[in-house]
Amino acid sequence: MKGIKQGVWAVSILIMIAVAACDNSPKYDTNLLKNPSFEKVGRDGIPKDWKLVLFLGSPDDPTVTYGVDTLAQDGKRSWYFRGDPGTRRWYLLQQEVKVVGAGHARVRGWIQGDDVHYKAEQYAMCNFLLTFYDKDHHRFQVERRADRRTPLRPGTFPWEEQSYTFPVPDGTHYIAVSCVLGMNGQAWFDNVSLEIPKPTPWETQTTRNYVFHWLPGHPMPQGAVQHQQQLFDVDAAILGVKSDVVINYFFYPDSLTIRKMNSIKGDMYVSWDDYELHTIRPYDDHELIHFITDRIGRPPRSLAEGTVLWVQNQEPNSLLDQHMRMLVKADKVTDFISLFDYNTFARTDPKASIPTAAALVKYLEEKWGKQKLMDLYASVNGMNSYQTVSKGFEAVYGEPMDKTEANFKLWLLQNYRSK
C-alpha cells in the first residue's frame with residue numbers, strides 16, 4: 001500500500017512538472033526587465049542586461065553622447081542621451097525579453113528632458129520603443145523604426161512617467177524595449193518597465209466587418225451593433241469600395257475606464273495596424289471611413305479628412321455646401337500647396353482647409369468617378385509634400401495639378417458663389 005501511495009505521489013509530481021513546463025503564460029502585471037533602473041553597470045559603461053544598438057547613421061557620422069548619470073528618479077543612477085545639431089549617428093539602449101502568449105504589453109518609464117527639440121536631418125524621437133519578433137527572431141514590421149512607441153516628449157521638463165499599453169502581434173516570442181533620443185538636447189531615462197497586463201474578459205459579438213467587444217455588465221446599447229454595420233455598408237457604397245476588412249470595436253462604459261485601461265488622456269484610441277477602435281461611443285462614422293480606405297492607401301491628411309467630410313455630407317444643400325458658400329464668399333478657400341504640403345497644412349485653419357479638401361473630393365468624384373478617387377489614394381500613399389503629391393495626382397488624372405486647381409476654383413464659383 002505504501003509503495004502504491006509513493007508511486008501515485010511520484011506520478012502527480014511529474015504531471016505537475018509537465019504542466020508547469022507547458023505553461024507559456026506570461027507573468028501578469030510584473031516587470032519583466034532586469035536592472036530596470038540601471039543601478040548595475042558593466043565595465044564598458046553600459047548598464048548590465050542592456051545593450052547599445054545602432055539606430056541610424058554610418059560609422060563616420062558624429063555620434064550621440066550617452067552614458068550613466070547620477071541624476072536619478074529611482075535609485076542612484078539613470079541613463080542619458082545627448083544630441084547636438086551635428087549629431088547624425090544615433091543609438092538605442094535596449095533590452096529584449098522572451099514573451100509568449102501575450103495579447104498586450106505595457107511599457108512604463110520615466111523621462112527628464114533639457115531643451116529637447118528637432119533640428120534638420122534629425123529624428124522626432126524622445127521616448128520608449130517596443131519592437132516585436134517572432135519565434136525565428138524576425139521582425140513583424142521591418143520597414144518601420146519600431147513597432148510601437150510612446151508619444152514624443154520634447155522641451156525642458158522634470159521627471160515624467162510615460163505608461164502606455166499596446167497590442168502584441170499574434171506569434172510574438174520576443175519583445176525589445178528601447179530608450180531613444182533622436183533630436184537635439186539631452187534626455188534622461190530611468191525606472192523602465194515592461195509588463196503584460198492581465199487579459200480583460202471581453203464579451204463579443206461579430207458581424208461581417210466588425211468584432212464588437214464590451215466589458216461584462218456594460219453591453220453596447222440595443223441596436224448599436226446592427227446600426228454600426230449599416231453605417232459601414234453605406235459608407236463603403238458611397239466610396240465604391242467592396243471591403244472585407246474586419247474592425248475590432250472596443251466599447252467602454254465611460255472616459256475613466258478607457259483612460260485607465262489604455263493609458264491614454266482622451267476617450268478614443270485607434271490602432272491602424274491592428275484595425276482596432278477603442279471608444280466610449282456606441283457609433284462611429286468617421287474612423288470607419290479611414291479603415292475602409294486604409295488598405296488602398298494612406299494619402300495626405302487633407303485628402304483623408306476631406307474624404308470623410310464628403311462621405312458624411314451626401315444630401316443636397318448639406319452642411320458642407322453651406323460652409324463652402326461662406327468660404328467662397330469670404331475668399332478663404334485653401335490653396336493646393338497649403339493642402340498637400342504637410343508642414344503648411346498643419347498650420348492652416350481646419351475650418352477652411354478640411355471643407356476645401358472635402359469640396360475637392362466632391363469635385364474629383366463628380367468629374368472622374370469613385371474608382372479614380374481610390375486610384376489616387378494608392379498613387380499618393382504615404383506622400384506629404386506638394387511636389388510628390390502632384391506627380392501622383394497627374395499619374396492618375398492625366399493633367400497637372402495646377403490645372404486641376406484652376407478648374408476646381410471655377411467649379412467652386414459655379415456651385416457656391418451667391419447669385
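A contact means heavy atoms within 4.5 Å. With that rule, residues 24 or more positions apart account for 71% of the contacts in the protein chain with a separation of 6 or more.

This is a predicted model: local features need pLDDT of at least 70, side-chain atom pairs count only at pLDDT 80 or more, and totals for chains, interfaces and linings use all residues. Residues are numbered from 1 along each chain as its sequence is written, and side-chain values use heavy atoms, with hydrogens and water left out.

**Exercise 1. Find where confidence is lowest and where it is highest in the protein chain.**

Step 1. Know the score: pLDDT is the predictor's confidence in each residue, from 0 to 100.

Step 2. Take the whole chain. Its mean pLDDT is 91, and 93% of its residues reach 70 or more.

Step 3. Learn the labels. Helices (H or I, at least four residues) and strands (E, at least two) are DSSP runs, numbered from the N terminus. The protein chain has 12 helices and 15 strands.

Step 4. Confidence is lowest in helix H1 (residues 2–22), at a mean of 46. It is highest in strand E3 (residues 78–83), at 98.

**Exercise 2. Give the strand order of the open sheet of 5 strands.**

Step 1. Read the order: E1-E4-E9-E6-E7, with antiparallel pairing.

Step 2. Check the edges. Strand E1 (51–56) and strand E7 (148–149) each have a single partner strand, so one side of each lacks a neighbour in the sheet.

Step 3. Zoom in on one pairing. Strand E6 (residues 126–133) and strand E9 (residues 174–181) run antiparallel and are joined by 8 bridges. Phe-132 has Ile-175 in E9 as its bridge partner.

**Exercise 3. Decide how the rings of Phe-336 and Phe-340 are arranged.**

Step 1. Set the rule. Rings of Phe, Tyr and Trp (its six-membered ring) pair if their centres lie within 6.5 Å; planes under 30 degrees apart count as stacked, over 60 as edge-to-face and the rest as tilted. The structure holds 26 aromatic pairs.

Step 2. Apply it. The ring centres of Phe-336 and Phe-340 are 5.8 Å apart and the planes stand at 90°, so this pair is edge-to-face.

Step 3. Phe-336 and Phe-340 are 4 residues apart in helix H7 (residues 336–340), about one helical turn.

Step 4. Phe-336 is buried at 1%, and Phe-340 is buried at 5%.

Step 5. Trp-368 and Tyr-397 are tilted, 4.4 Å centre to centre with 40° between the planes. This pair links distant parts of the chain: Trp-368 lies in helix H9 (residues 350–368) and Tyr-397 in helix H11 (residues 386–397), 29 residues apart. Trp-368 is partly exposed at 24%, while Tyr-397 is buried at 7%.

Step 6. Join the rings up. Ring pairs link a cluster that includes Phe-336, Phe-340, Trp-368, Tyr-397 and Phe-408.

**Exercise 4. Work out which residues touch the most other members of the largest nonpolar core.**

Step 1. Define the core: a set of buried Ala, Val, Leu, Ile, Met, Phe, Trp, Tyr and Cys residues joined through side-chain atoms within 4.5 Å.

Step 2. Name them. Of its 58 residues, Met-220, Phe-232, Leu-239, Trp-310, Phe-340, Phe-408 and Leu-412 touch the most other members. H9 gives the most to this core, with 9 residues.

Step 3. Follow one member. Beyond four places in sequence, the contacts of Trp-310 include Leu-239, Leu-320, Ala-358 and Leu-373.

Step 4. Note a second, separate core of 47 residues, with Phe-38, Phe-55, Phe-81 and Val-99 among them.

**Exercise 5. Describe the surroundings of Met-324.**

Step 1. Locate Met-324: helix H6 (residues 319–329).

Step 2. Check cover. Met-324 has 0% relative accessibility and counts as buried.

Step 3. List what Met-324 touches. Not counting residues up to four places away in sequence, these are Val-333, Pro-355, Thr-356, Ala-359, Leu-412 and Tyr-416.

Step 4. Take one partner. Met-324 and Pro-355 are 31 residues apart along the chain, with 6.8 Å between their C-alpha atoms.

Conventions:
Buried < 20%, exposed > 50% of the residue type's maximum accessible area, 1.4 Å probe, protein only. Pairing = 2+ DSSP bridges.
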